[in-house]
Amino acid sequence: MAKEIIKDNDNLLEVNNLNVRFYSNGREMKAVNGVTFNIKKGETFGFVGESGCGKSTTSRAVIRLLAENAKVPEGEILYNGTDILKLSQDKLRKIRGKEIGMIFQEPMTALNPVLTIKKQVYEQFIGTSMTNKEKEERAIEMLRLVGIPSPEKRLKEYIHQFSGGMRQRAMIATTLAANPKLLIADEPTTALDVTIQDQIIKLINKIKKQMGMSVLLITHDLGVISQMCDRVAVMYAGYFVETADTLTLFAKPRHPYTKGLIDALPSTEKKNSSLMPIKGTTPSLAELPKGCPFGPRCPYCEDKCVNELPEMTEIESGHMVRCHFSYKLKNASGLISIEEGEQ
Amino acid sequence: MDVFNYTLKRILQMIPVFLIVTVLIFLLIRAIPGDPAMVMLGEKATPESLAALREKLGLNESYIKQFFLYFKGIVTFDLGDSIKFNTPVSTLIFSRVGTTICLTIMSTFFTVIFSFIPGYIAGINKDKIPDQIVRLIALIGLSVPSFWIGLVLLIIFAVNIKIFPVAGWGNTPWEHFVGLILPSITQAIAVSAVLIRNLRNNVVDIKNSDYVDFARSKGISPLRISTHHIIRNALIPTTTLLSLKLIAMFGGSIVIENVFNLPGIGNLLVNSIYARDYAVVQGIVVMFVVVVMVINLLTDIIYSILDPRVKLS
């Protein structure tokens, strides 16, 4: 019991058995299926997966920012113990921004093109008792924090006047102005070129420590995961297929899909070998297979996989896999090797 | 570039356009087959009166000299005399232009009401019943000619329910106002359909845009999201379109003023064409050209003010 309480206090966000369905043209799309995870205070949790695997949908569901045709038939999203799914619109608005902030992939389209950065930062202060001077000081402080030079001047500019990397910084500053405890970063580096990507990753890592935030990171890039996350969930067709701490995931992937993702990374060691893609394509979310969603593409697929959906199973502490035959990968090597005794 | 420099530059650019148009108007009038004096005075005119008119119109001079006389007239605001009314064309235009301006202003007012509200409601409720209704009405408005709308309104609100005058606009400002209501509603209906569709589509695009999602993720009130993020952005293209529609309304006044028998420029133009009063026709066309150019300039300036991404250059 005592253990339970400690655990509750530790978790900033706890998502249990979350399901999201989309309805279009009379078809039901199973976008998110039975997703369960938690994010501790100060932790960076990552979702990784291909486009359309439900990672963005899951993250948007956390602050109920889903499209109109989406429904959440099942699940709970506990933020500091309160279920976000059950909140009234007014109470939800108090969580949005102030408690859970979000940054988007493409700052050029995510910031309003006809409002100055100042106006968009100031929107975070609506409902507070801050004076104009305090608002300005806070806004300038935020721009400085994210590394935008001459913030006093740039505050009065529009997003199109910023360069690519500065745009992402401006969006991060806008979100951070409200001092959120949890930052949802939906592909924050995808639209940027590699050098800027690196800067933004370092920036988010730095700010996270400085402000004591938790981060929920969504990316399709395992490289970004390795640089930012404490723990990772690999998503496939709306399911979590594997969750582990980052080191374990890279060292000992136990789901064939995770293994495939890692093997598909270009490697400098295997100079002469060509890339190893995962064959096939993701299933349609409207017609998920009865059994394992990855079955049709899986090299280890057997009859059981076709007929029966595997459950998320904890194979070792903190390492969960959704696979009937995860033991087959027990001795498979990942991208990195860590010294460890027999299990 | 600031607005002043830009305006100056655009005005300088207008000069060649204006020159070309005056040449066109000049040539068009001359291209009409037959003797203009004969056309003006009719078949029963005496040779003496024809010769006198030709002399008065300067038709005996060479085309080059005629053009320079005509052009000098335009730049000195001396557009010649009306044959029918026997007054200077500029006086005639000034006495009529007020009606047309009032009509256009009131039409714009009704257009804003008729298009902005339903357009926004339709866009927010995309594919739901309010959207279907608004789209149907817009489609009807788009396919029905404005003179017919005017006639139907007249029959209903002036002939059957006698709350508006059937024709004319009376003598007092209040009578002017009442007299302009039906014509401006008619104009507005004709123009609104296009604007409704434009605004609806803008709202549909914008309400699903990333920046509206981002604004939502900040916990801003739905009202503020509507006003500062959706409406503010959706109105940019619609306002531009509206100011271009002003030109259409100005041109539309030709039809509307005749249906409602209003003493405006459009009415004067049609009567002058019937009466072969070429000096008046010429003067009004020149005035229309200037109005169109000025509205175009204002449109560009307004656009740049509404949308900071647009640079005046």
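Biologist: Which residue in β9(A) is the bridge partner of A:Val48?
Modeller: That's A:Val234. Helices (H or I, at least four residues) and strands (E, at least two) are DSSP runs, numbered from the N terminus.

Biologist: What kind of model and numbering is this?
Modeller: It's a predicted model, where local features need pLDDT of at least 70 and side-chain atom pairs count only at pLDDT 80 or more, while totals for chains, interfaces and linings use all residues. Residues are numbered from 1 along each chain as its sequence is written, with chains lettered from A and ligands numbered from 1 in the order in which they are written.

Biologist: OK, back to β3(A). Which way does β9(A) run beside it, parallel or antiparallel?
Modeller: Parallel, with 4 bridges between β3(A) and β9 (residues 231–236). Strands pair if DSSP finds at least two bridges between them. β8(A) (residues 214–219) is also parallel to β3(A), through 5 bridges, and there A:Phe47 has A:Ile218 as its bridge partner.

Biologist: Why is β3(A) largely enclosed?
Modeller: Because 5 of the 5 residues in β3(A) (44–48) are buried, meaning 20 or more other C-beta atoms, placed from the backbone, lie within 10 Å of a residue's own. A:Phe45 and A:Phe47 are on one side, with A:Thr44, A:Gly46 and A:Val48 on the other.

Biologist: New topic: how many residues of chain A are in contact with chain B?
Modeller: 23, against 18 residues of chain B; contact means C-beta atoms, placed from the backbone, within 7 Å. In chain A, α3 (89–95) and α4 (107–110) each supply at least two residues of that side.

Biologist: And α9(B), what covers its buried residues?
Modeller: The cover includes β6 (100–103) and α4 of chain A, plus α8 (173–207) and α10 (222–259) of chain B. In α9(B) (210–217), 7 of 8 residues are buried.

Note on methods:
Contact = placed C-beta atoms within 7 Å. Buried ≥ 20, exposed ≤ 12 C-beta atoms within 10 Å, placed from the backbone.
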